[in-house]
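Q: Could you take me through a structural model one feature at a time, giving the general idea before the particular case?

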Amino acid sequence: MAEVLDELVLLERSAEAERAKLVGLAGEEYNVPWTHWLKAAEAAQAAVTAHAEASGENRYELEQAVKRTVRHATEDPAE
């Protein structure tokens, strides 16, 4: 299994926290939080990609390991 780095988990948690802020929003009030989520998600994805390339790990497996760690550590913040 891919090594799950604390930095990757923190970035994924940040993206999930931003995603949770989108629940129940619509129209104009959705736009700013969506932009925050997008930036956090892009940062998490870029970090996973960079780590996978540097370590030679399978990118998909690393991403899934990070997501499992985040989702099993706490309940889904969007619920």
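This is a predicted model: local features need pLDDT of at least 70, side-chain atom pairs count only at pLDDT 80 or more; totals for chains, interfaces and linings use all residues.

Q: How many helices and strands does the chain have?
A: Helices (H or I, at least four residues) and strands (E, at least two) are DSSP runs, numbered from the N terminus. Here the chain comes to 3 helices and 0 strands, and its pattern along the sequence is α-α-α.

Q: What do the end-to-end spans of the helices show against the expected values?
A: The expected span is 1.5 Å times one less than the number of residues in the helix. Helix 1 has 15 residues that should span 21 Å, and because its end C-alpha atoms are 21 Å apart, the two values agree. Helix 2 has 28 residues and reaches 41 Å from its first C-alpha to its last, close to the expected 40 Å, and helix 3, residues 59-73, reaches 21 Å with 15 residues, close to its expected 21 Å.

Q: What is found at the start of helix 3, and which residue follows helix 2?
A: A polar contact is a pair of N or O atoms within 3.5 Å; within protein, one must be able to donate a hydrogen and the other to accept it, and residues adjacent in sequence count only if both atoms are side-chain atoms. At the start of helix 3, a side-chain oxygen of Asn58 comes to within 2.9 Å of the backbone nitrogen of Tyr60. Helix 2 is followed by Gly56, which has a positive phi near 80°.

Q: Which residues of each helix are buried, and what covers them?
A: Buried means under 20% relative accessible area, exposed over 50%, and partly exposed in between (1.4 Å probe, protein chains only), while contact means heavy atoms within 4.5 Å. Of the 79 residues in the chain, 29% count as buried. In helix 1 the buried residues are Leu8, Val9, Glu12, Ala15, Glu16, Glu18 and Ala20, and their cover includes helix 2 and helix 3. Helix 2 buries Pro33, Ala40, Ala41, Ala44, Ala47, Val48, His51 and Ala52, which pack against helix 1 and helix 3. In helix 3 the buried set is Leu62, Glu63, Ala65, Val66, Lys67 and Val70, with cover that includes helix 1 and helix 2.

Q: Which residues form the largest nonpolar core?
A: A nonpolar core is a set of buried Ala, Val, Leu, Ile, Met, Phe, Trp, Tyr and Cys residues joined through side-chain atoms within 4.5 Å. The largest one has 6 residues, namely Leu8, Ala47, Val48, Ala52, Leu62 and Val66. Helix 2 and helix 3 each supply at least two of its residues, and the largest share, 3 residues, comes from helix 2. If residues up to four places away in sequence are not counted, Ala47 touches Leu8 and Leu11.

Q: How should I read the aromatic pair, and is it stacked, edge-to-face or tilted?
A: Rings of Phe, Tyr and Trp (its six-membered ring) pair if their centres lie within 6.5 Å; planes under 30 degrees apart count as stacked, over 60 as edge-to-face and the rest as tilted. The structure holds 1 aromatic pair. The ring centres of Trp34 and Trp37 are 6.3 Å apart and their planes meet at 45°, so the pair is tilted. Both residues lie in helix 2, 3 residues apart, about one turn of the helix. Trp34 is partly exposed at 34% relative accessibility, and Trp37 is also partly exposed, at 25%.

Q: Where does Leu25 lie, and which residues does Leu25 touch?
A: Leu25 lies in the loop between helix 1 and helix 2 and is partly exposed, with a relative accessible area of 26%. Leaving out residues up to four places away in sequence, Leu25 touches Tyr30 and Pro33.

Note on methods: Residues are numbered from 1 along each chain as its sequence is written. Side-chain values use heavy atoms; hydrogens and water are left out.
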